[in-house]
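Good morning, and thank you for coming.

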Amino acid sequence: MQPSLWSSAVRIFDLSLGQMLWSRRSVFLGLVVGGPVVLAVALRLAEASGLLFTLDRPRPAGAMLYGMMIWLIYVRFIVPVLGVFYGTSLIADEIEDRTLTYLFTRPIQRAAVIVGKYLAYLVCTGLLLLPSVVIVFFLVVPLGRGAAIAGLFPALLTDLGMLGLGLAAYGAVFAFVGARLKRPLLVGLLFALGWEPAALLAPGYLKRLTVAYYLQALIAHEMPQDGLRGAFLQAFREVPSLGTSLVGLAVIVGVGLWLAGRTVERREYVLEQ
Amino acid sequence: MGIVDAHHLSKWYGQVIGLNDVTLSVPPGITGLLGPNGAGKSTFMKLMTGQLKPSQGAITVLGEPIWGNPALYFRIGFCPEQDAFYERMTGLEWVTALVRLNGVDEAEADRLARGALDLVELTAVGDKKIGAYSKGMRQRVKMAQALVHDPELVVLDEPLSGMDPLVRRKTIRMIKEWGRQGKSIIVSSHILHEIEAMTANILLISQGRILAEGDVHQIRELIDEHPHTVHIRAERTRALAREFLAYDDVLSLKFEDDAVVVETGRPDVFYARLTELAASGELGVIHEVTSPDDNLQAVFRYLVKP
């Protein structure tokens, strides 16, 4: 009897996770994800040496810096980049390595290949990203006036959940892009680093066609309201309600994966000899 | 009804014709698909294994359409031409992971994978990473994944490519044995002597068309009228060359890097002597024997001449 989609997907997950974790891509993106950690260490060293300017704010400087890093580095840059590089490669790597044949000549639905690889993507990117956020939290939050880590811990958990949802949404979108297009990485980068920031700044409904729009409502940190920096950040701050965000992200994941699975089921993949 | 039936089957890649209006029925048993590189062998094999969808016409395998019919892969095993693997996995891990996709549990998958590796004589290296395998081992582990679920039909795309003479001889024996055990096997090659060693039943393919079906012997006579080139990568090429010069069937030879390239008028005799030489080990290790398809191209040009 033909195995179910789910059981086949779990087996593809088993087969793919190790390959994904120990790939050159993971080394490269590990360096990207390590960037904020290096920055956090540098801030701690600067503070220890007395070089760091201690801000006199109603909220502790460390918590504010951490919030900015979540907002600008993780949500705006790292999560989309991880989604693009891994999501577009779910099928593309198998084509490039010419190993897709082995998966497509087994008695499983082809959609199980993309679902299983998507699950491996979630684990792999989660293992890369989430420890980086935790380390940054513990390094940056105590800076300045030394905010109470315990008090901000729920915010860290919210951040981890929000970033996980971001990875899920971007991954589903780029899994479809990777299954459908011949040069998915270029298109993915244009979407993540071109279309998304541009659409968020545009007035009207265009921003609803981005993942970031729905992710913003889940960010637990407030941004500064004054000055040039505040005005810049404010431009990104039009956010939907929490419920709309969660439904929006769920729809993006569901539709993205459905389209990716449908594409893989129907499309011919011609491997180079 | 054959094991594979094609009815006006065509496949185009944009403007390029891969297979052109093929109608045939492949009988049970071992069938050789013979044609020069670019003739359409791989396209035909990809169509019969459901990786490609026909542009026109229809193909059925074991009585059922294959495109979009994954349940049929319980009954089919495919060994592709490309030398592509998950290099970090061991042979045993890889074959186990693939047979698990057939829905068997882990213990059963392990048992089946060990059995398949045993069948292709790779038990001793099953725990080594595939990245460390020789070309011959890599070819055989691909065959193991094709056989692991005991399919009725095995499709082998250029399975002997790059093997040394001893492994090649062993593999030919294996394939014949699988045929004797009742499996249907479709095996492609651009070297007639390889096919001839496995079966007398061949399909001749060129420029996307099936030129002839049936007995190999008539084609063989044509082949033997054309010199045959053999490329031998070996440890002691000069010693081999000295030996070859004494053979009356060798027409010419030259050196290329770590290989000696021989032109022979009687390839069957030459291959037999070469296998004996490799087995004796007197003149060092013979790493790889390949044959360009120039000689076969000449025969095909003759066959399609108006």
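In helix 5 of chain B, Pro165(B), Leu166(B) and Arg169(B) meet Leu274(B), Thr275(B), Ala278(B) and Ala279(B) of helix 9 of chain B. Contact here requires C-beta atoms, placed from the backbone, within 7 Å; helices (H or I, at least four residues) and strands (E, at least two) are DSSP runs numbered from the N terminus.

This is a predicted model, in which local features need pLDDT of at least 70 and side-chain atom pairs count only at pLDDT 80 or more, while totals for chains, interfaces and linings use all residues. Residues are numbered from 1 along each chain as its sequence is written, with chains lettered from A and ligands numbered from 1 in the order in which they are written.

The axes of helix 5 (residues 165-180) and helix 9 (residues 267-280) of chain B come within 8 Å and cross at roughly 115°. Axes are lines fitted to C-alpha atoms, for helices over the stretch in contact, with angles from 0 to 180 degrees between N-to-C directions. Helix 5 of chain B is therefore roughly perpendicular to helix 9 of chain B, a term covering 65 to 115 degrees.

Turning to the sheet, four strands of chain B form an open, antiparallel arrangement in the order 2-1-4-5; pairing requires at least two DSSP bridges. Strand 1 (residues 4-13) and strand 4 (residues 56-61) of chain B are joined by five bridges, and Asp5(B) stands opposite Thr60(B) in strand 4 of chain B.

Finally, 25 residues of chain B contact 25 residues of chain A.

Definitions and conventions: Two residues are in contact if their C-beta atoms, placed from the backbone, lie within 7 Å. Angles under 35 degrees count as roughly parallel, over 145 as roughly antiparallel, 65 to 115 as roughly perpendicular and the rest as oblique.
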